[in-house]
Amino acid sequence: MTEPPQPPNQPPTPSGYGHLPGPPQQGYGYPQQGENPYAQQPAHPQQPGPVPQPPTVPAYPAHGLQPPPPGAPGMPPKKKLPLIVAASVAGVLVLGGVGYAVLGSGGKDPGQPVAQEPGDAKPAASPSVDVGDGSGPGGNQQTDLNAGRKQGEDKVLWLKTTKIDGPGAGVATHGQWVVGDTVAKTVGKTIKGYAIADGKEKWTITFPADICGMTKRTTDDGKTVVMYGDGPSATANCNQIRMVDLKAGKEGWSKEVAKESAFDMFLDPSLAMTGDTVTVNRLTRATAFRISTGEKLFGSPAEGCVPGAYAAGNGKMIGVATCNDADMTVEIQDADPVTGKKTWTYRLPKGWKVSRVYGLDPIVLHLTNAATKESSIVVLGPDGKQRTTLSGEGKFSTECSVSHDDSLQGCATAVVDAGTLYLPTKAGIGKANEVVAFDLNTGKAKWRVPAGEGRTLEPLKAANGQLIAYRKAESRQGGEVVSIPADGSTPTALLRHPSGPSAPIESSFYSPDVDYADGRFFISTTRLLAQDKDEKLLMVFGK
């Protein structure tokens with residue numbers, strides 16, 4: 001096989017992108033006709049790199065990790081998932097005459113915070129605590145989760161629990177949206193809306209089958225699109241979509257997503273949204289619809305380099321396409337959100353695929369190579385030309401979370417603003433991690449902020465030139481929401497969660513969805529054991 005010509009300033013491709021319900025994916029682009037999508041990818045060894053010395057930042061108090069007390073909520077069992085390829089080399093890769101920063105990748109990060117719209121802290125008065133089973137505005141448990149609050153600590157506003165019976169693998173609860181005065185949460189085939197002020201249930205929407213795909217994004221007026229199966233069985237196709245108004249708690253249009261070709265398989269589908277457009281991404285094809293009406297806008301072309309996934313946001317969209325050549329090379333394409341038409345393309349060298357899209361303005365791509373176990377982060381300009389690559393030391397996870405959100409934009413712990421990418425490093429058990437800020441113009445690390453001894457710090461969102469991050473809870477100490485100035489100097493606490501009976505609950509949410517909006521912090525589980533026993537679902541903190 002001959003290698004395709006390499007256009008100037010081209011980046012590598014990442015792979016190892018997806019935990020499929022069945023066979024593993026091989027990255028974006030996906031395998032197409034003639035390529036075996038069921039071939040298992042090899043694992044790669046971890047390679048320790050040099051440990052950089054962080055700048056002098058006042059350390060947080062040290063608190064060792066302790067196991068939760070007996071009876072504390074635990075983590076549900078994880079399903080067996082196919083192997084995923086992740087990079088583990090630290091250094092600089094030179095490929096095709098262009099240098100690419102090769103960043104190490106460790107195991108899975110323990111949490112999955114969700115970056116939402118920036119917002120100033122506007123704490124409201126705290127209502128009585130709702131523990132979700134009868135007392136207060138929705139529960140009957142008498143435990144005071146704010147008992148013994150220390151000076152300077154804020155409050156648990158309410159805790160919602162649920163009691164359901166489901167299959168042995170448990171029930172997925174991945175969706176969480178904060179919209180106006182409502183926080184919405186998925187459980188199996190339902191979405192429930194709760195009043196942010198007191199946790200009271202406002203509405204419930206029930207789907208014909210389990211919800212199997214969603215996006216964290218909403219329109220400006222609070223609408224989103226979710227996917228659900230075409231039947232109740234475990235082998236049902238995830239090919240039904242429905243628009244939901246999360247503010248009103250009402251359903252909109254529904255429709256089945258038709259196949260674009262004979263090779264169109266609805267394996268591990270995902271959604272991308274911007275403006276009034278949503279795309280349904282799957283193994284080898286993608287289809288775009290108008291959110292307001294459900295009208296089909298465009299689909300993947302039948303020939304050439306065919307997008308199997310789009311990334312969208314901030315009014316922009318790019319497609320990740322697999323080309324029908326001997327090497328199945330991958331091409332990045334800009335795309336008009338209404339027509340799908342492209343004006344530029346960016347071809348990746350042989351063997352590289354797109355693992356994640358961290359940002360669209362500018363375009364920040366995490367690329368991986370399954371054969372060489374290498375990883376690179378590349379920044380493209382608005383014309384599709386390579387602007388820079390990132391260079392830094394440390395181990396960064398390409399998987400980004402243990403909840404296995406393997407959508408193209410599924411790395412919730414990576415945050416991008418106009419000129420900076422914020423990434424958390426991986427750290428061993430009981431060791432502190434860091435948040436590293438990379439300058440997207442130079443590709444170099446601007447600063448590194450350590451979490452404090454034994455703690456973990458994860459970016460949430462960038463707002464007004466500063467980073468908002470979550471310092472994760474431990475069983476004996478509550479978490480914190482902190483603001484890190486643009487120069488990486490001393491973080492300021494926006495919320496200090498209590499360290500009494502609420503800490504072991506906060507610290508043991510399974511692979512949580514996390515958000516910070518209007519001065520409140522939201523944390524919820526992404527899977528329930530579903531064994532007909534009370535389980536924590538959603539917890540809210542505030543002033």
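Visitor: Which lysine lies over the face of Phe-509?

Guide: First, a caveat: this is a predicted model, where local features need pLDDT of at least 70, side-chain atom pairs count only at pLDDT 80 or more, and totals for chains, interfaces and linings use all residues. Residues are numbered from 1 along each chain as its sequence is written, and side-chain values use heavy atoms, with hydrogens and water left out. A charge sits over a ring if NZ of Lys or CZ of Arg is within 6 Å of the ring centre and within 35 degrees of the ring normal. At 5.4 Å from the ring centre of Phe-509, the one you want is Lys-536.

Visitor: How many degrees lie between the planes of Trp-158 and Tyr-194?

Guide: Rings of Phe, Tyr and Trp (its six-membered ring) pair if their centres lie within 6.5 Å; planes under 30 degrees apart count as stacked, over 60 as edge-to-face and the rest as tilted. The structure holds seven aromatic pairs. Trp-158 and Tyr-194 make a tilted one, 6.2 Å centre to centre, with the planes at 50 degrees.

Visitor: Is Val-280 buried or exposed?

Guide: Val-280 lies in strand β15 (residues 277-281). Buried means under 20% relative accessible area, exposed over 50%, partly exposed in between (1.4 Å probe, protein chains only). Because its relative accessibility is 1%, Val-280 counts as buried.

Technical notes
Helices (H or I, at least four residues) and strands (E, at least two) are DSSP runs, numbered from the N terminus.
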